[in-house]
Each structure stands twice: as C-alpha cells, then as structure tokens.
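Subject: Structure handover

Hello,

Here is the structure I promised to pass on. Please open it first, then read my notes below.

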Amino acid sequence: MNDTVNIKELNEKIEKESAFVDMITMEINKVIIGQKHLIDSLLIGLLTDGHVLLEGVPGLAKTLAVNTLATTIDAKFSRIQFTPDLLPADLIGTMIYSQKKEQFEVKKGPVFANFILADEINRSPAKVQSALLEAMQEKQITIGENTYKLERPFMVLATQNPIEQEGTYPLPEAQVDRFMLKVIIDYPSRDEEQLIVRENIAQVFPTAQTILKTENILKASNIVKEVYLDEKIERYILDIVFATRYPEKHNLAKYTNMIQYGGSPRASIYLAMGSKAFAFIKRRGYVIPEDVRAVCYDVMRHRIGLTYEAEAENITTVDIITDILNIVEVP
Amino acid sequence: MAAEKKIWYEVFAKRSSRLTLALLLSVMGSLSANSQFVELRTELDTNQILIGEQFHLDIDILQPAGVSILFPLIKDTLTGKVEVLQVYPPDTLKENDNLKIHQRIRLTSFDSGFYEIPPLKFYIRSDQWEDSLESNPIYLLVHSVAVDSTIYDVKAPIHMPVSFLEIFPFVMGGLVLVAAIFVLVWYLRKRKKKGSAFASDRPQDPAHVIALRELDELKEQKLWQRSEFKPYYTKLTEIIRRYMERRYSIPAMEMTSYEILDAWKMNERPEEDLSGKLNRLINLADLVKFAKEKPIASDNEENLDRAYEFVKKTMWVQKIEEAEDDE
C-alpha cells in the first residue's frame with residue numbers, strides 16, 4: 001500500500017472532479033424515470049472502462065438508458081442491432097477490394113467507436129458475439145493482417161433478454177466474463193410507472209444534452225484509480241471471490257455441489273475497480289465495505305457457474321452471493 | 001460266454017466245407033505225423049449291457065510259430081447296432097514253440113435289443129498251406145434304461161460350508177459399526193459433561209460483562225498512545241460488534257457499519273444521543289480502518305468512552321432493573 005496517499009487531498013480532488021456525476025445523472029433522469037441502480041451501474045462502467053451487460057424483459061428502457069448516456073457525452077456512438085443473420089464482419093469490418101486502387105482496403109465496422117450499444121446481443125449466435133472478444137479485452141481490432149487500437153474510452157453496453165425467451169442464444173462464458181457488470185433491470189415502481197404513463201400520454205419526451213467530453217471521462221477514470229483501497233478491503237474482496245470457488249471452506253458446504261465454477265481473477269479485479277468507482281460516485285476517496293457490497297451482485301452474478309443440481313433446486317447465483325455476503329466477515 | 005474252436009490239421013487238411021471229404025482224408029493220411037493246431041477263442045466280458053455301456057471283445061489265438069494269421073478287418077460296426085469304439089493293437093506272447101496272440105476290441109451299442117455278433121473270419125497261412133478259421137457267433141443283450149415316471153419335488157439348495165473370506169467383510173463392517181457406536185456414545189457423554197450436545201457456544205458471562213472486560217483490556221494495551229490507530233479502532237469496533245451479536249443476536253461481524261446501525265435501531269429504538277455517539281464512533285473507525293485517518297488523542301479517548309457508555313446503557317441487566325423499577 002502506498003503510505004504517502006493523502007486521503008484528505010484525494011477527497012477534495014474527488015469532490016471537485018466528481019461534479020459531473022450529478023450532471024450526467026440529472027441529464028439521464030430527464031429521460032429515464034427511476035432505474036437509479038441502472039444509472040449508477042452505467043457510471044461505474046464508464047469510470048472504469050468496464051463493459052456492462054443489461055438484462056431485462058423488453059420495455060424496461062435498457063436501450064433508452066444507454067442511448068441517453070451516450071448523448072450526454074461528446075463521443076462516437078454506434079448502435080448495433082444483433083440479429084440472427086449478423087456476421088462478425090458486420091461488426092468489426094472487413095477487407096474490400098478497390099478496383100480503382102487495385103488493392104484491398106479496410107472497411108472498418110461500427111465497433112470503431114467510443115460507446116457501442118450491442119442491442120439484444122443474445123439474438124445473434126456465439127460466433128458473432130465472440131467477434132467482440134478482442135475489442136472488449138484488448139481494446140483493439142484485427143482485420144486481416146492489421147491490428148487497430150480503439151480509442152478510449154471504449155465501452156460496450158450490451159442489452160439482452162432473459163435467455164429463456166424464444167430465439168435467443170446464451171453468451172459464451174468467455175464473453176460473459178469480459179463484461180464487468182451484469183445488471184438486472186427490474187420493473188419501475190408504481191409511482192415511477194404512473195409518471196411514465198403520464199409522459200407518454202402527453203407525448204412529452206425530454207431529451208438529454210451533451211455536457212461532457214471524452215477527456216473529462218478519461219480524467220475521472222484516472223482519479224478513480226487513485227481511490228484508496230485498504231488491504232483490509234482487498235482481503236474482504238478475496239474472501240468473497242474465494243468463497244465462490246471453495247464454498248466448503250467458508251461454512252457454505254451446501255453449495256459445494258451447486259457451484260460448477262467460481263469467480264475468475266477478473267471477478268476480484270472488477271470487484272476492486274467497481275468498489276473504487278462506487279466510492280468515487282459517493283464522493284469518497286477511499287473504499288468501505290459498503291462499496292464492495294454495492295457492486296458485488298452486478299460483478300459476481302454472471303461469474304458463478306451453476307450445476308444442474310442447483311438449477312433443479314431453483315438456486316440462483318443471487319442466492320449464493322447473498323449467503324456469501326452474510327457469512328464472510330466484514331473488516 | 002466264450003466261443004472256442006480247436007482245429008486239427010493234417011497237412012492240406014481243413015474243416016472247411018469247401019474242401020471235399022476225399023481230399024481231406026488223403027491229406028490227413030499223408031501228413032498225420034506233422035499234425036499241429038491253431039486255437040481261436042473269442043470272448044465278451046459281458047453278454048448284457050445297458051444302452052450306451054461300453055464292453056470288450058477279447059480275441060485269443062494260439063498258433064504254431066511257423067504259421068501266420070490274417071486277422072479280419074474290423075470296421076465301424078460289427079453288426080448294424082454294435083459299434084466299434086476302439087481296436088487295440090494285438091499283443092503277441094511266445095509260449096514254447098507256439099505264439100499266443102491277444103487282441104481286444106472296445107464296443108458299445110446305442111439301441112436296445114438282442115444282437116448276434118457274427119463269426120469273425122481269420123486266414124491261416126504257412127509255407128505249404130493256407131486255410132481260414134471262423135469264430136462262433138456271440139450273443140449280446142442290450143437293455144434300455146427304465147423310465148421313472150414318478151414326479152419328484154425340486155431338490156433343495158445344497159448348503160455349502162461358508163468360508164472365512166466370505167464372512168470377512170461382514171465381520172469388518174460389524175466391527176466398524178460397533179466402533180462407530182462406541183465413539184458416538186463416548187462423544188455424547190463427553191458433551192453431556194460439558195453441557196447439552198445441542199447447546200450453543202454462548203459464554204457463561206453476560207454480553208456486557210465480556211464487552212466491558214475487553215474494553216478494559218483494550219484500554220490497558222495503550223495502542224493509540226503508540227500510534228497504532230488501526231489496530232486500536234479495529235479492536236474497538238470488534239468489541240462493539242461482538243457485543244451486539246451476543247446482546248441482540250445480530251450477525252454484526254458479517255454486517256457493514258450502516259447495516260449494523262440499522263439493525264441495532266430496529267432492535268433497540270435508542271435515544272438520539274446514544275445513536276449519534278455510536279454513529280460517530282463507527283464512522284471514525286471506518287475512516288481509520290479504511291482511509292488511514294489518524295485521529296487526535298481526545299477523539300481516541302472519547303470514542304473509548306462512547307463504547308463504554310454504549311455497553312452500559314444497552315446492557316441486559318439494566319433493562320431488568322428498569323422493568324422492576326417500573327413495577
């Protein structure tokens with residue numbers, strides 16, 4: 001740990017630099033009613049260069065939220081509607097022969113942007129979904145013999161319908177693991193839905209304004225990295241992740257046969273980064289256990305593989321995470 | 001049982017029907033001085049057999065040394081129903097000037113009935129003459145097996161003696177079971193001595209006594225005085241959290257600061273002042289533990305006092321006394 005870190009100075013710096021968080025939130029709230037957790041999750045992804053997978057039944061404003069976030073930032077934005085007949089070249093681009101120049105030229109695909117909205121990503125087969133793997137992890141695209149670095153910030157925001165729905169393909173584990181957060185979108189509350197109904201009847205749809213530049217995001221991202229993460233919190237994060245791998249060592253032997261595989265090292269990394277970003281959003285220069293808990297479900301839920309036995313018992317990853325959080329000692 | 005034939009020869013003389021009596025008489029007369037004999041004896045070891053039973057036909061020939069005997073060719077059967085199983089090689093034994101030849105044939109029959117084994121024809125040859133000799137026919141009765149029409153019950157299983165190897169797993173299993181029962185009884189008795197086997201590990205001392213004792217120990221350790229702020233606040237909050245676990249059965253060790261405060265408020269409905277003090281203590285402890293905060297001396301003393309006050313104002317004993325006072 002860096003003992004020279006001055007938390008007070010950091011707090012002041014964060015107080016100053018995190019002002020845009022309120023501005024973005026306000027702009028998004030103009031368009032999206034409710035969905036506070038969704039907005040926080042999008043901000044966490046934005047601040048940590050992490051990709052976000054949004055899952056929910058149709059009509060819960062997943063696409064609208066991502067569109068609105070992209071609108072508030074002056075950056076290149078691509079929306080790709082995933083369909084069953086989409087091809088990898090439709091995403092990343094391809095080599096096209098130019099008769100004029102008598103040579104092949106690179107035609108870059110829509111993935112060359114700052115924000116990618118992969119809408120209904122699970123409507124395409126795995127080969128198309130996998131085309132995003134290199135872009136998401138390496139932040140680069142290889143077309144033919146050439147590799148192109150993607151501009152920062154680069155963020156994939158994917159939406160998907162629950163896999164039980166007809167005509168959907170489950171995302172491969174390697175692909176899912178690359179998403180920092182998997183956010184489950186729930187229905188709005190009664191009051192929120194009443195407001196939605198009123199706006200739609202009145203045909204009054206506020207629009208968000210562009211208020212930020214990509215430089216602001218990159219600067220904030222660098223400050224998020226400075227947020228102090230104490231060794232105690234690090235151990236707490238590792239306890240949580242290791243409990244998903246070896247539940248029997250954490251008094252959760254009942255899950256030994258329920259968990260096929262636990263969280264990967266990405267889980268620990270993203271849990272730490274997500275906690276830092278959450279602390280930043282809360283205007284704090286240090287991480288507390290509450291921050292870890294706040295992002296834990298979104299970071300872990302898609303990184304725990306369940307066995308058939310668990311599915312037969314109707315055990316979900318959320319049940320497992322809840323039990324782990326209830327049994328792992330908080331520092 | 002046996003068919004025996006003795007043939008007396010004069011030179012060129014024989015009993016064959018094919019030779020004329022005249023020729024016979026003339027030959028006998030001229031060679032009477034060299035009269036010799038060949039003795040043939042055929043014999044079955046039994047005349048009655050069960051169907052399929054094996055038996056033997058023994059052929060014994062006694063002949064002069066200068067005579068050669070040509071044995072009949074034995075095929076698969078002697079008659080249609082008597083089958084030849086094996087023809088043993090002849091055994092020759094010299095007896096004075098004679099040769100004694102013995103041959104054995106193994107036979108059987110698979111059809112019941114009365115059979116005649118036809119005469120066997122042997123050819124005799126010397127330098128001056130040759131003749132043939134036939135054995136007598138032999139009769140054989142083949143019995144069939146009597147059919148028993150009585151219906152018998154199914155035979156009971158045969159009880160074989162049990163080997164040690166077979167009962168070994170059961171013996172071992174029994175021993176393990178007895179050992180397991182013994183260990184279980186021993187364990188339960190041991191637990192009974194300590195208390196109920198299902199009793200919780202709740203200490204004998206009340207929660208506040210333990211907490212106050214631990215606070216005293218922390219005070220004596222003088223951790224913050226040695227600038228060990230982090231261990232000091234870690235221990236201080238642990239004492240409070242363990243006290244809450246024992247006092248309110250709140251899983252405080254697995255809860256975050258805000259969760260602890262919420263859970264406590266739901267259980268206790270505390271006075272505003274006490275709640276505020278606990279809040280300040282926990283917040284400062286979080287800062288020290290997670291944000292390298294180095295509180296001033298007065299804060300450290302004040303927070304220890306807050307911890308004492310919190311325990312004393314929420315301890316179980318006081319509640320009972322208050323209830324008695326109300327009555």
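Three bridges tie β5(B) to strand β10 (residues 121–125) of chain B, and the two run antiparallel. One pair to look up is Ser68(B), whose bridge partner in β10(B) is Arg125(B). Keep in mind throughout that this is a predicted model.

These strands belong to an open sheet of three, in the order β5-β10-β11 (chain B), with antiparallel pairing. Its edge strands are β5 (68–70) and β11 (130–134) of chain B, each of which pairs on one side only. On average, neighbouring strands here are turned by 25 degrees against each other, direction ignored.

Now take one residue from that sheet. Asp131(B) sits in strand β11 of chain B. Asp131(B) and Ile69(B) are 62 residues apart along the chain. Their C-alpha atoms are separated by 9.5 Å.

Strand β8 of chain B is the next stop.

- Strand β4 (residues 54–64) of chain B is joined to strand β8 (residues 98–109) of chain B by eleven bridges, running antiparallel. Leu57(B) stands opposite Ile105(B) in β8(B).
- Strand β6 (residues 82–87) of chain B is joined to β8(B) by five bridges, again antiparallel. Here Val84(B) has Leu107(B) as its bridge partner in β8(B).
- Strand β7 (residues 91–95) of chain B also has five bridges to β8(B), and the two run antiparallel. Glu95(B) has Asn98(B) as its bridge partner in β8(B).

β7(B) and β8(B) make a hairpin with two residues between them. In the turn, Asn96(B) has a positive phi of about 55 degrees. When you look at side chains here, remember that in a regular strand they alternate between the two faces of the sheet.

On to the helices of chain B. α4(B) has 20 residues. From its first C-alpha to its last, α4(B) reaches 28 Å, close to the 28 Å expected at 1.5 Å a residue. The buried residues of α4(B) include Phe229(B), Tyr232(B), Tyr233(B), Leu236(B), Ile240(B) and Met244(B). Charged side chains are on that list too, among them Lys230(B), Arg241(B) and Arg247(B). Just after α4(B), Ser249(B) takes a positive phi of about 55 degrees.

How do α4(B) and α5(B) pack, and at what angle? Helix α4 (residues 229–248) of chain B and helix α5 (residues 257–268) of chain B pack at about 30 degrees, with their axes 12 Å apart. The crossing of α4(B) and α5(B) is left-handed. From α4(B) come Arg241(B), Met244(B) and Tyr248(B). They meet Ile260(B), Trp264(B) and Asn267(B) in α5(B). By class, this contact has four nonpolar, one polar and one charged residues.

Next, the place where the chains meet. The contact takes twelve residues from chain B and 19 residues from chain A. On the side of chain B that touches chain A, helix α6 (residues 272–291) of chain B gives the most, with four residues. The residues on that side of chain B divide into six nonpolar, one polar and five charged.

Finally, chain A. Its secondary structure comes to 15 helices and 13 strands. Of the 331 residues of chain A, 41% count as buried. Take the contacts in chain A between residues at least 6 apart in sequence: 80% of them join residues at least 24 apart.

One helix of chain A deserves a look. Helix α13 (residues 289–300) of chain A has twelve residues, so at 1.5 Å a residue it should span 16 Å. Its end C-alpha atoms are 16 Å apart, which agrees. α13(A) is mostly covered, with ten of its twelve residues buried. Among the buried ones are Pro289(A), Asp291(A), Arg293(A), Cys296(A) and Met300(A). What covers the buried residues of α13(A)? The cover includes α3 (36–48), β10 (179–184), α11 (231–245), α12 (265–281) and α15 (317–327) of chain A.

Best wishes

Note on methods. Residues are numbered from 1 along each chain as its sequence is written. Chains are lettered from A and ligands numbered from 1 in the order in which they are written. This is a predicted model: local features need pLDDT of at least 70, side-chain atom pairs count only at pLDDT 80 or more; totals for chains, interfaces and linings use all residues. Two residues are in contact if their C-beta atoms, placed from the backbone, lie within 7 Å. Two strands pair if DSSP finds at least two bridges between them. Axes are lines fitted to C-alpha atoms, for helices over the stretch in contact, and angles run from 0 to 180 degrees between N-to-C directions. The expected span of a helix is 1.5 Å times one less than its number of residues. A residue is buried if 20 or more other C-beta atoms lie within 10 Å of its own, exposed if 12 or fewer, and partly exposed in between; C-beta atoms are placed from the backbone. A crossing is left-handed if the near helix is turned anticlockwise from the far one by less than a right angle, and right-handed if clockwise.
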